[in-house]
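Please go through the helix packing and the sheet of the model shown here, with the cut-offs stated.

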Amino acid sequence: MKVTEKKLDGGRIQLEAVASTAEVSHALTVAHRGFAQQMNLRVAPGGSVAQAAEKGLGIKDLDAVVQQQAVEYLVPFAIDKRNITPAFPPVPKVASALKRGQTFSFSLVVTPKPDYELTSYDPVTITVPPFELDPKEVDEQLAQLADNYADFVADDPHPVREGDIMLLALEASRNGERMEGLSTEGRTYLMGMGLMPEEFERQLVGMEVGETKSISFAAPGAPDDGEGERIDCTVTVKEMQKKVLPAIDDEWVAKNLPLYRDAAALRGGIADRLTAERRAQYESFKMQAAASELARRFKGRIQDEVYEAMRKTLLENLRGSLAQQGVPFEQFVQSQGGEQQFGMLMMMQAREMLVQGYALDALFRHEKLTLTEDDLDAAARSMNPQDPKAVRRGMEENGQGFALREAAERMKANRWLLEHAEVIVEEPAKS
C-alpha cells in the first residue's frame, strides 16, 4: 500500500492511500469470511463464500454487500504504514467502489493520540492487602475433582420427580429414521440439567421403574406447538440412581492419578497451581492500583470523539460478553439501575481507562523507555497466553501493529511504575 501524508491544522494528518490489486482482493476475501461467520453461513468443501451466499441467501454480488467491511479492513494498514497511533478510529473517505483487479484509493483525516503530561513523575504509593491463598479454594477444587469422578449407583425405586437421577433406555426416531446418537440401551439421565427439552422431561415425571412410555417432543428449532417436526421416543426407566462421590484418599489417588505420590501430594499440587494463578492475579491487581494512582496526576482535556470511541468499544465488548453468557443486554442495563445510570457508569469507566492509558504514555516518554521484541511478545501474551505468537502475527499482518506497540509501551511503563512504587501491605485481618 502506498500512503502519503499531509499536515493539517490542529495537529491532524491527512493520509492518501492506494491499495494494490492484491490488497483489494485480500480485503474482499477477508470481508467474505466475516460475512459467513456473522450469517452462520455454511461453505461447501471446495466452494467459496460467494457461492454459498448466492445459493443460500440469493446474493449474486457479495463483493458489493461487504464493501464497507473491506474498506474498514484496509484502514489500519494506512495508519500503520505511517507509524501513527490515532486518538480514535478515523472514518475513510472513498470516491469509488472496491473492485477485484483494480487498485483502490481512499483518504483519512487522522487525529494522532495527543501527548499529555503529569503533575508529577515521582514514585507512587499504593496500599494492597497481603497475598494469601484461602485453603477453602483447595477444598473446592478437590470437591470438584470428586464430583467429576462420581459414580451413579442404584437407588430405591420411586416415581420420577424433578431433580431425580435415573438410568434410561431410549429408542428415538425422526421422520421414521432411528437417531443413533440419541438412542441407547442404558444411559444415566439427570433431570433439570438441560440435557433434553423441558417437554421431554415433563413427560418423564411420575414414571415408575420398569415402566415404558411413548414420548414425543418438538425437534430442535421447531415451534413447540405440536405442529412442527417431532422426535418420537420409546422410554424405559430401568432404575433410579444416586450420585456417590469417591473419597480422595491415597488409594484413590494411586488408582486414578498415579502421577501424584498420595493424597497429600495431590492437595499440594492443587495448592501450588492455585497459588501461581492467584499470584499472577495479585501482580495484575498491584499494577492496576499503581496505574490508577498515577492517573490522579493526569492533566488535560480529552476530546469528545475519543470518549465516544472508547464508549463504543466498551459497549461492543460488553455485548459480546453478555451474549456468551446468554444474558440479554437490556436486562443487564436494568440491573445496573437503568439506561441513565448505566450510561454514567460507562462514561466513568471510559474516562478511567483513557486517563490511565495516557498517564502511562506520559511515563513511558518521561523515563525514555524503549520497546524490545520481548516487550511486544509480552503484550501479545497478555491478550492470549495460550497462543501469543498467533496474536502478534495476526495484529502485525492485519495492520494493527500500532495497537500492539501501544499496548506494549503501556505495559512496560506500568511494570516500571510498580517496580519503583512504594507498596504498603496491609496487616492481615485478625480472625
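Q: At what angle do helix α11 and helix α14 pack, and how far apart are their axes?

A: This is a predicted model, in which local features need pLDDT of at least 70, side-chain atom pairs count only at pLDDT 80 or more, and totals for chains, interfaces and linings use all residues. Residues are numbered from 1 along each chain as its sequence is written, and side-chain values use heavy atoms, with hydrogens and water left out. Helices (H or I, at least four residues) and strands (E, at least two) are DSSP runs numbered from the N terminus; axes are lines fitted to C-alpha atoms, for helices over the stretch in contact, and angles run from 0 to 180 degrees between N-to-C directions. For α11 (residues 339-366) and α14 (residues 401-419), the axes lie 8 Å apart and the angle is about 75°.

Q: Which residues of α14 meet α11?

A: Contact means heavy atoms within 4.5 Å. On the α11 side the residues are Gly357, Tyr358, Leu360, Asp361, Leu363 and Phe364. The residues of this contact divide into 7 nonpolar, 2 polar and 4 charged. From α14 come Glu409, Arg410, Lys412, Ala413, Asn414, Trp416 and Leu417.

Q: How many bridges join β2 to β4?

A: β2 covers residues 13-19 and β4 residues 104-110, and the two run antiparallel. Across this pair, Ala17 has Phe106 as its bridge partner, and Glu16 stands opposite Ser107. The number of bridges is 7.

Q: Which residue in the turn between β1 and β2 has a positive phi?

A: β1 and β2 run antiparallel and are joined by 6 bridges, with Lys2 partnered by Val18 of β2. The two strands form a hairpin with 5 residues between them, and the turn residue with a positive phi, about 75°, is Gly10.

Q: Which residues of helix α2 are buried?

A: Buried means under 20% relative accessible area (1.4 Å probe, protein chains only). What covers the buried residues of α2 includes α1 (21-38) and α3 (62-65). In α2 (residues 49-57), the buried residues are Val49, Ala52 and Ala53.

Key:
Pairing = 2+ DSSP bridges. Nonpolar A, V, L, I, M, F, W, Y, C, P; charged D, E, K, R; others polar. Buried < 20%, exposed > 50% of the residue type's maximum accessible area, 1.4 Å probe, protein only.
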